[in-house]
Amino acid sequence: MSSDFEGYEQDFAVLTAEITSKIARVPRLPPDEKKQMVANVEKQLEEAKELLEQMDLEVREIPPQSRGMYSNRMRSYKQEMGKLEKDFKRSRIAYSDEVRNELLGDDGNSSENQRAHLLDNTERLERSSRRLEAGYQIAVETEQIGQEMLENLSHDREKIQRARERLRETDANLGKSSRVLTGMLRRWESLDFSLYP
């Protein structure tokens with residue numbers, strides 16, 4: 001199993017290195033070559049995703065006690081994949097701006113400003129998304145804590161009710177005992193001890 005995983009790892013390393021090189025070349029290529037390069041990178045990114053899926057399946061078959069090391073490597077590869085997709089998105093935005101400029105005759109400064117604006121908006125949306133996810137996680141954890149507190153309070157309430165019932169029973173038993181003792185004491189007091197020598 002580990003040999004299959006390592007084979008996928010090697011393929012992934014070679015493929016991501018090629019993708020990184022091609023993404024860096026996109027801004028410097030003539031328009032026709034850029035279009036072809038963008039299509040090529042899209043295809044290779046899909047191949048990289050498929051490799052990650054295969055690696056993920058291999059990791060799931062590893063016994064839990066030996067899975068930790070492979071899981072850490074998978075997290076690293078997924079982070080690398082996310083970075084590649086982000087870099088490619090930026091190169092595509094730059095490529096789209098250039099195509100639009102060629103069609104509409106816009107100047108370079110306008111393109112740079114719009115590209116910077118788009119990148120800024122993208123990063124802002126990503127930050128907002130992370131904050132929303134963090135807020136949702138806090139809400140879920142708070143709900144869980146609240147549920148646990150309600151369950152604990154319910155258990156405590158049951159304990160208190162049982163204790164009250166035992167106190168009532170004890171009080172009732174004490175009342176009966178007191179009446180019995182009082183009756184015995186009265187009978188004792190009513191006896192005429194003068195009759196006994």
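Reader: Is glutamate 47 buried, partly exposed or exposed?

Author: The classes rest on relative accessible area: buried means under 20%, exposed over 50%, and partly exposed in between (1.4 Å probe, protein chains only). The areas come from the Shrake-Rupley method with a 1.4 Å probe, and for residues only the protein chains shown count as cover. Glutamate 47 has a relative accessible area of 33%, so this residue is partly exposed. The model is predicted: local features need pLDDT of at least 70, side-chain atom pairs count only at pLDDT 80 or more, and totals for chains, interfaces and linings use all residues. Residues are numbered from 1 along each chain as its sequence is written, and side-chain values use heavy atoms, with hydrogens and water left out.

Reader: Which residues gather with Glu47 in a patch of negative charge?

Author: A patch is made of residues with over 30% relative accessible area and no salt bridge, like charges being joined within 9 Å. Asp and Glu count as negative, Lys and Arg as positive, while His and the chain ends are not counted; the place of a charge is NZ of Lys, CZ of Arg, CG of Asp or CD of Glu. Here the surface patch consists of Glu18, Glu47, Glu50 and Glu53.

Reader: Which helix gives the most to this negative patch?

Author: Helices are DSSP runs (H or I, at least four residues), numbered from the N terminus. Helix H2 (residues 31-60) gives the most, with three residues, and glutamate 47 is found in this helix.

Reader: How many salt bridges are there?

Author: A salt bridge is a side-chain nitrogen of Lys or Arg within 4 Å of a carboxyl oxygen of Asp or Glu. The count comes to six. One of them joins arginine 73 and glutamate 9 at 2.6 Å, N to O. This pair links distant parts of the chain, 64 residues apart: arginine 73 lies in helix H3 (residues 68-104) and glutamate 9 in helix H1 (residues 2-25). Arginine 73 is partly exposed at 23% relative accessible area, whereas glutamate 9, at 10%, counts as buried.

Reader: Which residues are linked in a network of salt bridges?

Author: Glu46, Lys49 and Glu85 are linked in such a network.

Methods. Patches are made of residues with over 30% relative accessible area and no salt bridge: like charges are joined within 9 Å, nonpolar side chains (Val, Leu, Ile, Met, Phe, Trp, Tyr) within 5 Å. Helices (H or I, at least four residues) and strands (E, at least two) are DSSP runs, numbered from the N terminus.
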